[in-house]
Amino acid sequence: MPMNRVQFQKGLSLPEFMDRYGTEEQCERALVSARWPGGFVCPVCGVMQSRTTFRREGRLYWQCSGCQYQCSVTSGTVFEATKLPLTRWFLAMQLLTQAKNNVSALELTRQLGVSYRTAWLIKHKLLQAMALAESERQLTGRVEVDDAYLGGERSGGKAGRGSENKVPFVVAVQTTEDGRAHLACLSARPFTNEAMKEFIATSMGLPLTVVSDGLGCFTVAASMGAVHDREVTGGGKASVLNEKFRAVNTLIGNVKTALTGTYHAIKFAKYGYRYLAEVQFRFNRRYDMRAMLGSLLRAMVATPKQPERGIRVAEVHR
């Protein structure tokens, strides 16, 4: 069997990461380059280049020569008001983008040398940036779609689709001409016609061929201009091994393996969409792992500030 070049790529090694981002000054320069690749742009009046600089408590600030607004490179971004060195943030980004499986907040606590609360906030701010970066992703061509669940049956609770601890989510995988997985979209949502219409409208574009099993909500694809290739598979092992759904079944299996192998407890109903966004972000950038940290960095500076209260409120999907 030939080597999977995507799976066995070298990625960004820890020594190389330290050479690039091992100091506060290096991280600051990387942030400036990611936020203002063409030079400083005032976030208030939009004036470019015209500015003065100074340092306050060790952090570099810009003052706009037009409106006199002062800001640091972290102002107005998800990094705003952080008391942690930038090197800790960059190490967290390295760990999340280069690990084969997910990285828990508990593991970040140990690797970053911070409290669990701080590690949890860092992780969820990174996941929120990933979610926003992937929010406009659209799949086209041949797309395999399937339904799945996060969570499982509580002791004494309902089993199957009615379980109160299960959060439904939809997985869509765009395939190449030879049937290999290319890009993906994952969304926590109920299996209703209305929810599926919204998912197709926001995550898929024409020309489109939706390949699905017999679940009723998938039939809305035809009414939205897509070709619907529907096959009633039933349940059990036969449906999982069906070559027609190989790409989407493989991704669903990888998602569940990564989650159960990393986390002991997740509030799926509240935060499940963020964990799915992490899978989607990493999956869609897996072809170049060396560039993934830079991609996450650009997402971070494009994400508006996220106070702890907002991060913990999150979204609830029932």
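## Helices α9 and α10

Let's start with a crossing: helix α9 passes α10 in a right-handed sense, where right-handed means the near helix is turned clockwise from the far one by less than a right angle, and left-handed means anticlockwise. The contact (heavy atoms within 4.5 Å) is made by L251, V255 and L259 of α9 with F268, Y275, L276, V279 and F283 of α10. The two pack at an angle of about 120°, and their axes are 11 Å apart. Here axes are lines fitted to C-alpha atoms, for helices over the stretch in contact, and angles run from 0 to 180 degrees between N-to-C directions.

That angle makes α9 and α10 oblique to each other; under 35 degrees counts as roughly parallel, over 145 as roughly antiparallel, 65 to 115 as roughly perpendicular and the rest as oblique.

## Ground rules

This is a predicted model, so local features need pLDDT of at least 70 and side-chain atom pairs count only at pLDDT 80 or more, while totals for chains, interfaces and linings use all residues. Residues are numbered from 1 along each chain as its sequence is written, and side-chain values use heavy atoms, with hydrogens and water left out. Helices (H or I, at least four residues) and strands (E, at least two) are DSSP runs, numbered from the N terminus.

## The sheet

Five strands form an open sheet in the order β6-β5-β4-β7-β8, with mixed pairing; strands pair if DSSP finds at least two bridges between them. β6 (181–188) and β8 (227–230) sit at the edges with a single partner strand each, so one side of each has no neighbour in the sheet. On average, neighbouring strands are turned by 25° against each other, direction ignored.

β7 (residues 204–212) pairs with β8 in the parallel sense over 4 bridges. In β8, R230 is the bridge partner of S212. As for what packs on the sheet, α9 (residues 246–262) touches β4 (139–150), β5 (167–175) and β6, with its direction at about 40° to that of β4. Helix α10 (residues 268–283) lies across β4, β5 and β6 and runs at about 170° to β6.

L14, F17 and Y21 of α1 meet T87, F90, L91 and Q94 of α3.
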